[in-house]
Amino acid sequence: MTTERDNINSEAPSLAADLLPAAKPMFKKQRGSKTSPLKVILLVILALALIAAPIIFQGFGQLLLIRIFAIVGLYIILAMGLNIVVGYAGLLDFGRMAFYAFGAYAAMLIGVPLAQALGPQLGGWAYVVSLVGGAIVSSLVGFLLSLPVMRLRGDYLAIVTLGFGEIVRICLQNNFLGLSNGAQGLPRTGQTLPAPPGLDWLKMNVYFPINDRFVIEFSSNVYWYYIILILLVVAIIVVRRQDNSRLGRSWAALREDEVAAAAMGVNTTRAKTWAFVLGALWGGVAGATFSYFQMVASPETFNFFNSVLVLAIVVIGGMGSIPGVIVGALAIQGIPEFIRWFAQNFLSGAASGIDKTVSNYRNLILGLLMVVMMAIRPAGLIPSKRIKREIHGAGGSDGSTRVEGDVLVNGVPAGIEGATPGGGEGA
Amino acid sequence: MSETSTATTHLVEAKSATIAFGGLRAVDSVDLHIDAGEIVALIGPNGAGKTTFFNLLTGIYTPTEGEVLFDGRSVSGVKPHVIAARGISRTFQNIRLFKAMTSLENVMIGRHVRTKSGPFGATFRTPAFRREEAQIQADAERWLEFVGLSQFANEIASSLPYGAQRRLEIARALATEPKLICLDEPAAGMNNKESAELNQLIFRIRDELGITVLLIEHDMKVVMNLAERIYVLDFGKLIAQGTPGEIQANPAVIEAYLGKGADAIVRERAEAQAAAETDASRGSTPPNASANDDLLESDGIIMTPPNAQAKEDA
Ligand SMILES: Nc1ncnc2c1ncn2[C@@H]1O[C@H](COP(=O)(O)OP(=O)(O)OP(=O)(O)O)[C@@H](O)[C@H]1O
Ligand SMILES: [Mg+2]
């Protein structure tokens, strides 16, 4: 492969630079419109609110609220990873929980013995190593999964990833290779999970009673809330940068027209592999953090329904749209939890049972919501502009014309798995 | 023309290239060659296998027999993006722009194969990454200007007029810095003015950029003006080759387009057209217009005298 590209040198002047006069720059600066003062003010207020929230909740003793926000945060990170695969590269993945699981179990398998080896002084740093380890393991799994499924698209890919997710869960349940400790999960009885760095110190030193009803203190819930918030901000920045780059453009091209992308020189295999790897990475990050936050990694978390839930977050929120993913996670993961919290705290008697009703009907409501969304807002609650154009045919001739004539194989456009007779990818 | 060719002298060389879809030999034992700097046309009736030949050349299909060499190397089984890196680019018969992207973004995709930044550079916004991004954008802007689409840079590709979309596809293909550009019916759907501009553009691609052009086109005015040599396909087989003048006089070509007894039909059609032209003021369609597009288009071969002026320009 490198020999094919040895004539390619980005530092060398391009043909255009050699032969053509410089064009007047006519491209709007991509970020120019983003920094309106109103937006900055809103962002600052949002940031302050997010920073203050756990302290206030803790002060009022509303630990459940902190946990809800933390879990929603984890699901946003998880869904941002899936968003790379589904929203950017246009590939379906019904087995997202597998990567969450690899992150969680890898973190436990790395963290518990490492903390012991490091001793009580440094043991806290095991979380950091686990986080990196979980991300690496998960990315590696993403890479390995990408190899066999590289030529699959659409339904086929959905089925394979679904199967993959279930296989992972069943392996974990059955104490695969003696590593996963079956249904009970990790850490094993008798083993202790190390505290993350600084938590003990913060717990001891941050304690300010304002009055006898409100105390500023730093519980482990508050700690994990902040860790997750930081990871989330990092994820948003990183994913946005990747989307807004040569790699991101190759995803967009791949999503729109794989044949044209390949003919224009996009290495579609590489673009898909990166989508799988970078998407899996965030699954690993979220999973590792989740296991430390919950202090356990056990198989029932990583079930098929949760994979569907993450996919629903991306689809309902808005494929390819980071604000969409955030809103989607708040709506799908957050709202049922908030209702439960509300019922437990403010309703009494018969009404307090509403949280049970909500969780009983959640799947039904979710299903209905999906159907309604597909009908009225197919691009999601906060759609990505570009995907909205793709879905709505961009006002031009619709996608169906592309099949005719040019590259049609037995009625199937080339680029669909295995359809090109010996040609195309990986022949 | 009939020299026993050595692989290295030709830019493209097909050696009994064949592809069969089941029993259908869509391209059947085709031998042809294209030299660097030529403008060559590939013509033939609908379904003759022209687009399929492009697909063989650009790696979308692999020949079932024979081979196609580019720069002396076989392209059989080579992935499309690698072929693009070697220097073949193309446009599509049914425009395949990235419809939801802007014109500029479409052309920026064309720069992909000559650039290299990956997720690391993107994540950390390294200086090399920033330089390359700026260069990609600047180059894309130049290519848009080259094809005369600067004013559409920030427009969504699918919102462009049809003729502009065809030129945008050419800009995207040029951005890959090909040695050979394959244009699949670039004038289709264009009005006279647009196709005259297209003629100019194609000459500029060859003369100013030194890029070899292989052209599929049904519009015989365009073909006769542009092509220095023509290959004619019919039912997957090469039935004729030569200069525009030779092709226009070739009985096999006339027969392929018009069927047996073509001469008589040609006379009839000439009369029909004369009648149609008197009707034209009333805006009615010529009698046989919808019967068979090829009959109409082949009028160019038979009836339009070779455009001597344009040949002198070239
Ligand atoms: N993937 C495929 N599978 C089966 N048959 C195919 C395939 N691709 C092309 N063909 C057939 O091969 C023949 C040649 O098609 P091709 O598109 O190359 O014709 P063409 O010369 O480009 O025609 P047109 O002028 O109409 O564009 C047609 O009969 C077509 O149906
Ligand atoms: Mg064709």
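What share of the contacts in chain B between residues at least 6 apart in sequence join residues at least 24 apart? I looked this up before anything else, keeping in mind that the model is predicted. The share is 69%.

**Chain B, overall.** I noted 13 helices and 10 strands in the secondary structure of chain B. The chain has 314 residues, and 59% of them count as buried.

**Magnesium ion, ligand 2.** I listed the protein donors of the magnesium ion (ligand 2) and found B:Thr51, through OG1, and B:Gln93, through OE1. They lie 1.9 to 2.1 Å from the ion. B:Thr51 has a relative accessible area of 11% and is buried, because the cut-off for buried is under 20%. B:Gln93, at 23%, is partly exposed.

**Helices H13 and H14 of chain A.** I took H13 (residues 322-346) and H14 (residues 354-376) as a pair; their axes come within 9 Å and cross at roughly 165 degrees. Angles over 145 degrees count as roughly antiparallel, so H13(A) is roughly antiparallel to H14(A). I recorded the crossing of H13(A) and H14(A) as right-handed. On the H13(A) side, the residues that meet H14(A) are A:Ile332, A:Pro336, A:Ile339, A:Arg340, A:Ala343 and A:Gln344. On the H14(A) side they are A:Ile354, A:Asp355, A:Val358, A:Arg362 and A:Leu366. Sorted by class, the contact of H13(A) with H14(A) has 7 nonpolar, 1 polar and 3 charged residues.

**A:Ser146.** I found A:Ser146 in helix H5 (residues 126-149) of chain A. Its relative accessibility is 0%, and A:Ser146 counts as buried. Not counting residues up to four places away in sequence, A:Ser146 touches A:Thr273 and A:Phe276.

**A:Thr301.** Where in chain A is A:Thr301? I located A:Thr301 in the loop between helix H11 (268-294) and helix H12 (304-317). A:Thr301 is buried, with a relative accessible area of 17%. Leaving aside neighbours within four places in sequence, I list A:Met97, A:Phe290 and A:Asn306 as the contacts of A:Thr301. I also looked up the separation of A:Thr301 and A:Arg169: 132 residues in sequence and 9.0 Å in space, C-alpha to C-alpha.

Terms used
Residues numbered from 1 in each chain as written. Chains lettered and ligands numbered in written order. Predicted model: local features only at pLDDT ≥ 70, side-chain atom pairs only at ≥ 80, totals over all residues. Heavy atoms only, no water. Donors = N, O, S within 2.8 Å, 3.2 Å for Na, K, Ca; no water. Buried < 20%, exposed > 50% of the residue type's maximum accessible area, 1.4 Å probe, protein only. Helix = DSSP H or I, 4+ residues; strand = E, 2+ residues; numbered from the N terminus. Contact = heavy atoms within 4.5 Å. Axes fitted to C-alpha atoms, helices over the stretch in contact; angles between N-to-C directions. Parallel < 35°, antiparallel > 145°, perpendicular 65-115°, else oblique. Left-handed = near helix turned anticlockwise from the far one by under 90°. Nonpolar A, V, L, I, M, F, W, Y, C, P; charged D, E, K, R; others polar.
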